[in-house]
Amino acid sequence: MVSKPIQELAPRISDCLKLIYTLQERGQKVSTSAISERLGVSDATVTMMFKDFATAGWVEHVPYHGVRLTELGERKAIEVIRHHRLLELYLERQLGYTWDKVHEEADRLEHVISEEFEAKLDELLGYPTVDPHGDPIPSKDGVIALRQGVPLSQFPDGVSASIVRVSDQDSEKLCYLGKLGLYPEARIEVIERTPFGGPLRVLVGAPDSQVEHMLSLELAEHIIVAPFPQDITPS
């Protein structure tokens, strides 16, 4: 199993690797129940996959934290992620898919493309570094350029921010955020936080064309932002 290229792995295996990596990246526990719930399979199925992954040297058990990818497992997961994010960008840029539709389509395709196809896709797209949601696309060598930012829910009020990435893949939420213009690189500013965990009042767009919206705290948690470049004071 270790030597097989991505397109020869069962889709469930590559999906599981990708999910483990995502949960680790978010600092969340990689438990049997967390994986089974997201993949829609039984706990017993996940337990068997974890055992196979451990035998292959892809994961190790961490007390009270489930499993963690080894260096070998991380490289394998990054291969899957590279396929997925390149496909997402191709679907959006070349085929006209909206950003809320690319995730599920890329999920179906990432398991079947060859390394040669991946390389040609990369060249066609101009060797991109981010996908439509602002997530970094790993390089061919497996290097991921992390994009610094904090959730909008934690960003200071009255300071212009640039959206770095949107971490939620739910298509309905992405469709809604798209209607508000909340895409990566968009300018946004929190102008009021309603009390007791209520929604945020935000301004979206350039200063001469800002539009006000109300944004739930839940959605704001998934919008990763950084100070707007023009508002950064040189040190």
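In this predicted model, the axes of helix 1 and helix 2 come within 11 Å of each other and cross at roughly 125°. That angle makes helix 1 oblique to helix 2. The crossing of helix 1 past helix 2 is right-handed. On the helix 1 side, the contact is made by Arg12, Asp15, Cys16, Leu19, Ile20 and Leu23, and on the helix 2 side by Ala34, Ile35, Arg38 and Leu39. Sorted by class, the residues of this contact are seven nonpolar, no polar and three charged.

Two packed helices are described by the angle between their axes and the distance between the axes. The axes of helix 1 and helix 3, which covers residues 43-56, come within 11 Å and cross at roughly 80°. Helix 1 is therefore roughly perpendicular to helix 3. Here Arg12, Ile13, Cys16, Leu17 and Ile20 of helix 1 meet Thr45, Met49, Phe50 and Phe53 of helix 3. The residues of this contact divide into seven nonpolar, one polar and one charged.

The next topic is empty space. Rolling a probe the size of a water molecule over the atoms shows where empty space is left. The largest pocket has a volume of about 1,100 Å³. Its lining is made up of 31 residues, and Thr22, Glu25, Arg26, Ser167 and Gln169 lie nearest the centre of the pocket. Which helix gives the most to this lining? Helix 1 does, with six residues. Helix 1 (11-25), helix 2 (32-39), helix 4 (71-93) and helix 5 (102-109) each supply at least two residues. By class, the lining of the largest pocket has 16 charged, nine polar and six nonpolar residues.

The second largest pocket has a volume of about 240 Å³. Helix 4 and helix 6 (115-124) each supply at least two residues of its lining. The largest share, six residues, comes from helix 4. Among the lining residues are Glu71, Glu74, Arg75, Ile78, Glu79 and Arg82, along with Glu115 and Glu118. Ser139, Lys140, Asp141 and Gly142 also line this pocket. By class, the lining has nine charged, two polar and one nonpolar residue.

Technical notes:
Residues numbered from 1 in each chain as written. Predicted model: local features only at pLDDT ≥ 70, side-chain atom pairs only at ≥ 80, totals over all residues. Heavy atoms only, no water. 1 Å grid on protein atoms, 1.4 Å probe; cavity = no way out; pocket = protein on both sides within 12 Å on 5 of 7 lines; lining within 4 Å. Points joined across faces, edges and corners; volume = space filled by probe spheres on them. Helix = DSSP H or I, 4+ residues; strand = E, 2+ residues; numbered from the N terminus. Nonpolar A, V, L, I, M, F, W, Y, C, P; charged D, E, K, R; others polar. Axes fitted to C-alpha atoms, helices over the stretch in contact; angles between N-to-C directions. Parallel < 35°, antiparallel > 145°, perpendicular 65-115°, else oblique. Contact = heavy atoms within 4.5 Å. Left-handed = near helix turned anticlockwise from the far one by under 90°.
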